[in-house]
Amino acid sequence: MSRVLVLDTNKRPLMPCHPARARELLSAGKAAVWRRYPFTIILKERIGGDVQSIQIKLDPGSKTTGIALVMEGKRGKKCIWGAELQHRGIAIKMKLVARRSLRSFRRNRTLRSRPARFLNRTKPKGWLAPSLLHRVLTVDTWVRRLATWTPANAISMELVRFDMQQMENPEISGAEYQQGQLAGYEVREYLLEKWERTCAYCNAKGVPLQIEHIHPKSKGGSNRISNLCVACETCNQKKGSRDISEFLAKKPELLQKILAQAKRPFRDAAAVNSTRWKLYETLKSYGFPVEIGSGGRTKFNRRSQRYSKAHWIDAACVGESGGNVSISILRPLLIKCMGHGNRQACKTDAFGFPNKWRTRTKVFRGFQTGDMVRADVPTGKNAGRHVGRISVRATGKFALATLGGKRDGINWKYFRIIQKQDGYGYS
Ligand SMILES: [Zn+2]
């Protein structure tokens with residue numbers, strides 16, 4: 001089970017506890033609920049306590065970032081909490097496109113408002129598009145939150161997809177690299193990506209592929225990436241230990257193409273993704289040690305421990321420390337970036353002409369869009385208890401998004417807030 005986060009009377013973090021223990025403390029009146037999402041309790045009469053080391057582990061992705069808390073105890077490493085943070089990069093991009101088209105339309109209407117600005121603006125160094133920066137900022141927010149609610153003292157994140165340096169010089173570090181097991185795995189994944197999972201000789205797709213030496217080992221060919229490609233079993237056997245120029249003597253065009261592609265490094269993998277790099281720089285500023293790992297290593301760790309694929313499990317398996325982690329949480333907390341609404345007071349019709357005005361009030365009857373609420377409706381089509389995220393209206397009849405679907409037109413007086421809106425949706 002996912003552990004419950006615990007704060008002492010002075011709001012300093014203690015070790016997360018088992019849900020059963022939290023229930024005991026709550027029913028004995030020794031603790032109170034501090035936050036619902038993630039579930040955090042505050043102890044009423046306790047200051048300080050023993051803490052063990054906790055590592056915040058991250059698997060940053062473009063749509064979803066996996067987050068895991070891994071505790072190092074007497075019985076080895078244990079994943080005690082997991083979450084998946086869903087980003088809204090595309091939504092941000094769409095909104096900016098809509099705003100841009102609205103503004104350019106307004107300029108072109110030859111009104112006196114909003115003249116075009118000169119294009120003399122330069123982007124500062126390290127600038128990221130808002131949709132990408134949002135990923136860095138939201139992950140940063142969650143790391144900062146977890147660092148205040150738990151006694152975390154280290155961070156671990158996946159920085160690159162393939163560890164090029166270690167692939168090229170297997171001697172540099174780690175027993176697994178020297179044994180060649182992990183290096184082999186990472187090289188294989190890299191080659192599959194580089195050759196787009198197709199046989200280099202016959203372009204077969206969706207078949208099992210084998211690593212192929214272009215200049216055969218028996219004739220002095222090296223194990224370097226530039227001498228490797230992937231081939232289907234048939235082609236591999238047909239080629240045997242012949243040299244490529246002999247094997248493809250009748251197909252000089254294909255030979256040229258393969259030799260050129262083999263020399264070319266795989267660009268996407270070699271460059272560290274700029275968003276991850278910025279996140280890494282941000283996390284370093286906390287002063288905690290930041291461990292970095294590669295995507296190949298994460299996958300190797302997850303596969304060798306036979307865990308299923310999930311973002312939060314990948315996060316727990318990141319880096320060298322992810323090699324031996326016991327995971328028993330069944331469900332991670334799902335966190336969705338929702339934003340804080342918008343400031344647009346004037347809505348337009350399909351042609352860009354203003355036709356609606358929104359009220360400047362955001363709070364109605366003490367509720368705001370995004371609040372997590374509980375509704376106890378006594379009668380009617382919505383009768384029953386519902387928990388979810390609210391959208392408010394001036395009429396006082398609110399909509400509620402629950403796990404089981406959308407409920408609409410519930411009177412405000414049946415709602416109770418369980419957590420105020422903070423830009424995220426939870427389930
Ligand atoms: Zn083939």
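I took patches to be made of residues with over 30% relative accessible area and no salt bridge, like charges being joined within 9 Å and nonpolar side chains (Val, Leu, Ile, Met, Phe, Trp, Tyr) within 5 Å. I worked on a predicted model, in which local features need pLDDT of at least 70 and side-chain atom pairs count only at pLDDT 80 or more, while totals for chains, interfaces and linings use all residues. Residues are numbered from 1 along each chain as its sequence is written, and side-chain values use heavy atoms, with hydrogens and water left out.

**Entry 1: surface charge**

I looked up the positive patch on the surface and recorded Lys95, Arg343, Lys347, Lys356, Arg358 and Lys362. Lys and Arg count as positive, Asp and Glu as negative, and His and the chain ends are not counted. I placed each charge at NZ of Lys, CZ of Arg, CG of Asp or CD of Glu. A salt bridge is a side-chain nitrogen of Lys or Arg within 4 Å of a carboxyl oxygen of Asp or Glu. Accessible areas come from the Shrake-Rupley method with a 1.4 Å probe, and for residues only the protein chains shown count as cover.

I then located lysine 362 in the loop between strand S15 (354-357) and strand S16 (363-364). Helices (H or I, at least four residues) and strands (E, at least two) are DSSP runs numbered from the N terminus. Lysine 362 is partly exposed, at 43% relative accessible area; the class lies between buried (under 20%) and exposed (over 50%).

**Entry 2**

I found strand S1 (residues 4-7) paired with S2 in the antiparallel sense over three bridges, where pairing requires at least two DSSP bridges. Leucine 7 has proline 13 of S2 as its bridge partner. Strand S2 (residues 13-17) is largely enclosed by the rest of the structure, because four of its five residues are buried.

Five residues separate the strands of this hairpin, and lysine 11 takes a positive phi near 65°. Lysine 11 counts as partly exposed, at 48% relative accessibility.

**Entry 3: other backbone features**

I noted a cis peptide bond between tyrosine 37 and proline 38, with omega about -10°. Proline 38 is in the loop between strand S3 (31-35) and strand S4 (40-43).

Arginine 197 has a positive phi near 55° and is in the loop between helix H6 (181-194) and strand S9 (209-213).

**Entry 4: helix H12**

Which residues of H12 are buried? I listed Gly295, Gly296, Arg297, Thr298, Phe300, Asn301 and Arg302. Arginine 306 follows H12 and has a positive phi, near 60°.

Key. Buried means under 20% relative accessible area, exposed over 50%, partly exposed in between (1.4 Å probe, protein chains only).
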